[in-house]
Amino acid sequence: MSAELIQDQSIGNIGNDYSQYGFQDKEDYIFKSGRGLTEEIVRKISSMKNEPEWMLKYRLRALEIFLKKPMPKWGNCGLLDSIDFENIFYFVRSSERSEKNWDDVPEGIKQTFDRLGIPEAERKFLAGVTAQYESEVVYHSIREDLLAQGVIFLDMDTGLREHEDIIRKHFGTVIPAADNKFSALNSAVWSGGSFVWVPEGVRVEIPLQAYFRINAENMGQFERTLIIAEPGSYVHYIEGCTAPTYSTDSLHSAVVELIAKPGSHIRYTTIQNWSKNVYNLVTKRAVADTDAKVEWVDGNLGSKLTMKYPAIHLIGERAHGEVLSIAFAGEDQHQDAGAKMVHAAPNTTSMIVSKSISKNGGRTSYRGLVKVHPNCPGSKSNVKCDALLLDEKSRSDTYPTMEIDEKDVTIEHEATVSKVGEEQLFYLMSRGLTQDEATAMIINGFFEPFTKELPLEYAVELNRLIQLEMSGSVG
Amino acid sequence: MTAKQPLLSVQNLHAKVEDKEILKGVNLEIFPGEVHAIMGRNGSGKSTLSYTLMGHPRYIVTEGKILFKGVDITAMTPDERARSGLALAFQYPVAIPGVSVSNFVRASVNAVRGKDVPIKEFRTELKEQMKKLGVANEFLGRYINDGFSGGEKKRLEILQLALLKPALAVLDETDSGLDIDALKTVSEGINNLSNPETAILLITHYQRILNYVEPQFVHVFQDGRIVKSGGGELSKELEARGYDWVSQELTPSGVS
């Protein structure tokens, strides 16, 4: 039986019941961490996963760093300081997740499921009522294609068990534990997330999707993702979904590391729509080598507070980085997003497009950094951030930073703040669209540079979600 | 034969923008099958009339009313008016970045017709009208009015009206900025909107377009209202004698 399990696992648990394969023989070891974070909990997490000694040591060092590091003094300190670290469960196995009652799921979320036409089984999964979601037949054929190409696409836990060498070489090299308090936290208690390795010269034409069609582990609080593209390869990874995702875990702190070796191309698309109780504090960073290209396509629709600044370090000549991000903040939401581009080689180029919308007192912030190291001539960077405020109550801030230590560069930055134009509304309404329909259309147009980069089904869902938001029928 | 109901009946319409009264008692009746032209100088209030008819929120009616198909539309929103069969071709159509022509036109047609037109049927109609109006296929994917030349914008306005088939089409200086070829094509499009059940209200500065879209009724607009009305030959007289002639003619009777 174990040989068959490994065969299946080497293509990843796409759509499978994770607990069946991962912990079958550990069932007798019932574990649920108590609240709060201690060394004992970290040790238990590591031993439950049967991890090599070096990973346990890594976790413990990270824990030390986490406990010592102060909270950041910037950003929405009011909200950050209200996080009660003592009152969080740092590890719960999905098979032991107490199944929530469908009746407890907020009404607004159920209504959105209705209006978006989310199938029954998916609703229960998104609402956390069931921990698993059945895979669809289509994924079986994708798995065979990947196997044939030699691509590794596994959950991180399994990846560590089966490809320890690759992971040991790259894990934490892009985002060290000490990078910030939350990367330290993740490094101590990470669980789940994806491991992707693409062999040299291989192009993975189908986007690798790690969203709800996989399983609860991949939507965990402390996912750790590592994607390595060998020279000349291409991969597009997508996570998240536009449908609202209800989580009682209030702190989500993922770490995503991308390594784009020379001539390779990685595109990473995220759409998150976490419920409004979630703090979503993510560290995402990529390293792009000579002639490599990395794109972060980042959609922030949900959560109470998101702090996320996808970064790209351009370390080889002619490397290219792009961040295309949208943020939508409604009542009681703060989307604090942006990007960081670090030019550390000559003739590197970067582009940041940030589009945000605030409504009903919501708040969006753009926090961006463009840094050019000395001796990087020919570097070019273009930043465009547009904010749309839908009413008087809402707020938008921009905090751009430029640290340019090289003379031969071209750096452009353009920022606009506007409200929905009256003349635009009148024009659309004079052609029969109601005010809500017209506003939704203008907003969809505002987000269009982002939406056109999404696979079609996501784009369609996003447009519909925006129409719902505009009709005021979604809280 | 029963008396026909006017399609549009504007009764003593007064309207202001930002506390300035622009329309000072407009009276106008348009019956199905008719083509009317309103001519006047810049600043006479012609565009204000078209915006007020269409229900722009900044244009506030202070007195009088507008009846369309016998229904008082004075308090209706622009989209309600559109769905009841009124349409306005703008003088300066605004750009909507990120919204493609095809998406917008389709949404608009569905909204006004009150149901989703099947894609195939819509595409056929759309292509047909585009051909008639000389609108190139590549416009479908472009963002509406974004970077369009004046002539392109005007053609697109008429294209939309051709698909919406309004009972009353109000055309606000559609001729401005058009070269002779564009003028001919656009005029043909306007004439195609006209049939015994529909009517056209052409607002213009110059006589030129009226050579191609011939009105049965011409009204002169001055100081926020219609000061003189006549048949088609009135426009030619205006062209020959200028607007001053009208003012001079009116002053003795104390109308201003």
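Colleague: What should I know before I start?

Modeller: This is a predicted model, in which local features need pLDDT of at least 70 and side-chain atom pairs count only at pLDDT 80 or more, while totals for chains, interfaces and linings use all residues. Residues are numbered from 1 along each chain as its sequence is written, and chains are lettered from A and ligands numbered from 1 in the order in which they are written.

Colleague: Thanks! How do strands of a sheet pair?

Modeller: They pair through backbone hydrogen bonds, either parallel or antiparallel. Strands here are DSSP runs of E with at least two residues, helices are runs of H or I with at least four, and both are numbered from the N terminus; two strands pair if DSSP finds at least two bridges between them. In chain A, 8 strands form an open, parallel sheet in the order β3-β5-β8-β10-β13-β15-β17-β19. β3 (208-209) and β19 (409-419) of chain A each have a single partner strand, so one side of each lacks a neighbour in the sheet. Inside this order, β13 (residues 320-329) and β15 (residues 349-358) of chain A pair in the parallel sense over 10 bridges, and A:Ala327 stands opposite A:Ser356.

Colleague: Which order do the strands of the open sheet in chain B have?

Modeller: Its 4 strands run β2-β1-β4-β5, with antiparallel pairing. The edges are β2 (20-30) and β5 (71-72) of chain B. Strand β1 (residues 8-17) of chain B is joined to β2(B) by 8 bridges, and B:Val17 faces B:Lys20 across that pair.

Colleague: Now helices. How are two packed helices described?

Modeller: By the angle between their axes and the distance between the axes. Axes are lines fitted to C-alpha atoms, for helices over the stretch in contact, and angles run from 0 to 180 degrees between N-to-C directions. In chain B, α5 (residues 150-164) and α6 (residues 180-193) pack at about 15°, with their axes 10 Å apart. That makes α5(B) roughly parallel to α6(B), a term for angles under 35 degrees.

Colleague: And is α11(A) mostly covered or uncovered?

Modeller: Mostly covered: 8 of the 9 residues in α11 (181-189) of chain A are buried, meaning 20 or more other C-beta atoms, placed from the backbone, lie within 10 Å of a residue's own. Among the buried residues are A:Phe182 and A:Leu185.

Colleague: Last one: how many residues does each chain give to the contact?

Modeller: Chain B gives 20 and chain A gives 17, where contact means C-beta atoms, placed from the backbone, within 7 Å.

Note on methods
Buried ≥ 20, exposed ≤ 12 C-beta atoms within 10 Å, placed from the backbone. Contact = placed C-beta atoms within 7 Å. Parallel < 35°, antiparallel > 145°, perpendicular 65-115°, else oblique.
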